[in-house]
Amino acid sequence: MRIGIPRSLLYYKYLPFWKTFLTGMGAEVETSPLTNKKILSRGVEVAENELCVPVKAFYGHCMALRDNGVDALFVPRVVSVEERAYTCPKFLGLPDMIGAVAGSLELPPLLTPRLNQREKPREFKLQLMDFAREQFGLRRLEALAALESARLAQRRYQEGLAGGRKPLDLLPASRFNTPRWRPPAEKRKRIGLLGHPYNIYDGYLTQNLIARLEEMGAELVLPEMTDHNVLMKAATDVPKQLYWTYEKEIMGAINLWTEKQMVDGVVYVLAFACGPDSLIQVLIEHRAKLHNIPLMSLTIDEHSGEAGLITRIEAFIDMLMRKKTAA
Ligand code: SF4
């Protein structure tokens, strides 16, 4: 069976795990191409208007995989990835949203394992073993072997990230964000690039932001360079705990970067119409101000234009450079 994994949303977090797990069960895995104009416009056409741009892109990626003739689409329902926390409601509803248009778009069948660790952290394993049995007819030991290989692949990926590599360097055919040149190391500024991985690493949605920042002299510091548990611990530095795991990671990153003065400035990428982002944006801005770290928020949607983005990041980096010189 050829299973398509859309190159969007949690692809940037868990592709090594999903891919190894599915191939370990005997499937052939195909990922959709990098987001491009056609993928995004098709997604925008069929998705509800009020959705955030990465979810709109997800629809387009499903359609690209359909065109490539995959037998099934992998659209997990990721409810919770840790105890007493949830993911964004869009991840909970993703199989329903895609399922609602699957008939009219003639999408292949959806594989939608439900992953929920809110009550019990070990449920994840059992839920995936059930999925392996129901969808692939695997016995317990076979499913456990596939899960173990997947866990190791994900660990290698995370070690690579912790070692300073970007998802774009480690995931297959992802390097759209290549800088054409970079200023010498002594002239670079440490810029924290904050946001959800599916926003900051999708070169089409962000107008190739990573490469542009690197060309302008940014030495990027990314949330993925820090271990998840360290980010979670750093995120507790707020009066009320956040419900959403991925937003906690973002808060943990800004807390750590500002506390330890790890960055000269922060660029925060958020999606228009994103509920969780709009809530933590206030906390992030407050935190940066408190530690006197310049911060620029960039809101992206399907209409984001290249010219405006370049002017803004040029002005921001120029300001950082002058600030540094004056200091
Ligand atoms: S967290 Fe925001 S950007 Fe991410 S899927 Fe949810 S609404 Fe969209």
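## Two residues with positive phi

Q261 lies in the loop between helix 11 (245-259) and strand 9 (265-271); helices (H or I, at least four residues) and strands (E, at least two) are DSSP runs, numbered from the N terminus. Phi of Q261 is near 50°, a positive value in a residue other than glycine. Most residues other than glycine have a negative phi. Q261 is partly exposed, with a relative accessible area of 42%. Here buried means under 20% relative accessible area, exposed over 50%, and partly exposed in between (1.4 Å probe, protein chains only).

L9 is not a glycine either, and has a positive phi of about 50°. The loop that holds L9 runs between strand 1 (2-5) and helix 1 (11-24). L9 is buried, at a relative accessible area of 3%.

## Basis of the model

The model is predicted: local features need pLDDT of at least 70, side-chain atom pairs count only at pLDDT 80 or more, and totals for chains, interfaces and linings use all residues. Residues are numbered from 1 along each chain as its sequence is written, and side-chain values use heavy atoms, with hydrogens and water left out.

## Overall architecture

The protein contains 13 helices and 10 strands. Its radius of gyration (taken over C-alpha atoms) is 20 Å, close to the 20 Å that the globule rule gives for 327 residues, so the protein is as compact as a globular protein of that length. The globule rule is 2.2 Å times the number of residues to the power 0.38. Along the principal axes, the C-alpha trace spans about 65 × 40 × 35 Å.

Of the 327 residues, 54% are buried. Among contacts (heavy atoms within 4.5 Å) with a separation of 6 or more, 74% join residues 24 or more positions apart.

## Domains and ligand site

The domain assignment gives domain 1 (2-162) and domain 2 (176-326); such bounds come from an automatic or database domain assignment. The domain centres, taken over C-alpha atoms, are separated by 26 Å. Across the boundary, 28 residues of domain 1 are in contact with 24 residues of domain 2.

Both domains give residues to the shell around the ligand, so the ligand lies between them. Surrounding the ligand are C52, P54, V55, C88, K90, H196, Y198, E247, A271 and C274, where a residue counts if one of its heavy atoms lies within 4 Å. The shell comprises 7 nonpolar, 1 polar and 2 charged residues. In this classification Ala, Val, Leu, Ile, Met, Phe, Trp, Tyr, Cys and Pro are nonpolar, Asp, Glu, Lys and Arg are charged, and the others, Gly among them, are polar.
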